[in-house]
Amino acid sequence: MGLLLRPGIHQCQCHQYHHLLPVVTKPKISHFYFHFHQNPNSLPFTPTRARRVSQTVRAIATTAEAAPKKMVKAVRVHELGGPEVLKWEDVELGEPKEGEIRVKNKAVGLNFIDVYFRKGVYKTPTLPYTPGMEAVGVVTAVGPGLTGRQLGDLVAYAGGPMGAYAEEQILPANKVVPVPSSIDPIVAASVILKGMTAQFLLRRCFKVEPGHTILVHAAAGGVGSLLSQWANTLGATIIGTVSTKEKAVQAKDDGCHHVIIYKEEDFVARVNEITSGNGVDVVYDSVGKDTFQGSLACLKPRGYMVNFGQSSGTPDPLPLSALAAKSLFLTRPSLMQYTATRDELLATAGEVFANVESGILRVRVNHTYPLSQAAQAHADLESRKTTGSVVLIP
């Protein structure tokens with residue numbers, strides 16, 4: 001881009017007032033070329049004219065940076081607390097940088113981990129923040145030099161970074177996975193995080209095989225429903241716990257061979273009866289405080305206690321010696337550590353989507369809410385009014 005001074009400015013005159021001209025380092029204005037022409041009738045290059053040139057240069061630089069900012073709606077949390085702290089606000093959205101993409105969300109998954117962050121059980125890096133760790137959307141912009149992603153691609157992400165409760169968001173390109181065209185975006189958003197959680201719990205954290213007997217708490221919930229279906233195809237005997245008769249019907253339909261309504265029965269005594277006193281090979285416990293000690297009691301010798309959530313609160317501290325009586329294994333796994341590499345992420349998501357396409361996993365999207373009503377969705381989830389998956393629609 002060139003800036004042409006009026007003919008007749010002598011180079012020596014310009015140099016005399018060079019200190020009056022600005023040094024321009026603004027983006028998008030890489031060089032200013034001053035063309036000097038000899039003209040015997042030219043006006044002298046006075047300090048006043050130098051200042052005018054300076055003002056012109058600054059005005060051009062300011063205009064270059066004054067492009068309107070893109071504003072989108074998002075849910076923001078300014079303080080920790082109940083569902084009421086979820087606020088629907090306007091936020092600025094920039095352009096994707098190198099290695100990033102911008103995604104217009106079509107569906108956002110609601111998960112209990114969102115509640116944990118909102119309440120302060122898990123720590124957020126900063127306040128305010130935008131919650132959400134699961135979404136599906138369309139790529140609307142690609143950062144410089146990025147290959148492998150194109151405008152219009154349908155992609156999903158789960159686990160991080162946080163910020164899915166927004167109409168649009170910026171994401172690292174290496175954190176998204178392609179969504180098969182045969183899978184509806186709402187289904188994909190409801191299954192990507194919960195499905196990948198079920199995958200690593202069943203296939204890698206403890207590898208379920210034919211002949212195993214497993215206990216799944218909250219069997220009618222988002223992850224519990226998928227665990228029950230998937231474990232059934234692996235040949236396991238599944239015992240599921242639920243809170244109501246209605247949820248017991250769903251758990252049975254999802255593949256649970258035995259269903260315990262824990263508000264009506266002592267689940268420890270019932271598991272002992274079902275297994276003839278032998279106990280189960282593994283417990284998948286996302287409830288936490290209310291079920292933790294009972295879950296340990298349900299395990300057979302050398303059994304695995306897999307605690308992957310705490311919807312009822314954080315379990316009380318456990319001395320290591322408590323595991324010694326039956327040589328038990330205890331783990332508190334997280335999806336992020338099981339999808340830490342790009343290859344792990346693609347393999348995990350690929351197996352989930354393949355099982356959805358084949359019908360092994362029937363995704364129950366039983367509840368949808370406008371994204372602006374995320375507070376109501378959180379309240380319903382915490383009060384156990386929901387079953388299956390909950391999806392927020394921007």
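Author: Let's start with Cys256, which is buried at a relative accessible area of 3%. Buried here means under 20% relative accessible area, while exposed is over 50% and partly exposed falls in between (1.4 Å probe, protein chains only). Before going on, note that this is a predicted model, where local features need pLDDT of at least 70 and side-chain atom pairs count only at pLDDT 80 or more, though totals for chains, interfaces and linings use all residues. Residues are numbered from 1 along each chain as its sequence is written, and side-chain values use heavy atoms, leaving out hydrogens and water.

Cys205 is buried too, with a relative accessible area of 13%. As for disulfides (pairs of cysteine sulfur atoms within 2.5 Å), the structure holds zero.

Cys205 also leads us to Pro333, since the two are in contact, meaning heavy atoms within 4.5 Å. Not counting residues up to four places away in sequence, Pro333 also touches Phe200, Leu201, Val306, Asn307, Phe308 and Tyr338. Pro333 sits in the loop between strand 13 (329–331) and helix 9 (335–338), and counts as buried at 6% relative accessibility. Val306 is 27 residues away along the chain, yet its C-alpha atom is 7.4 Å from that of Pro333. Helices (H or I, at least four residues) and strands (E, at least two) are DSSP runs, numbered from the N terminus.

Now for the main stop, helix 3. Six of the eight residues of this helix (residues 112–119) are buried, so the rest of the structure largely encloses it. The buried ones are Ile113, Asp114, Val115, Tyr116, Phe117 and Arg118. They pack against strand 2 (86–93), strand 3 (100–110) and helix 11 (374–382).

Leaving aside neighbours within four places in sequence, Asp114 is in contact with Gly109, Gly132, Met133, Tyr165 and His378.
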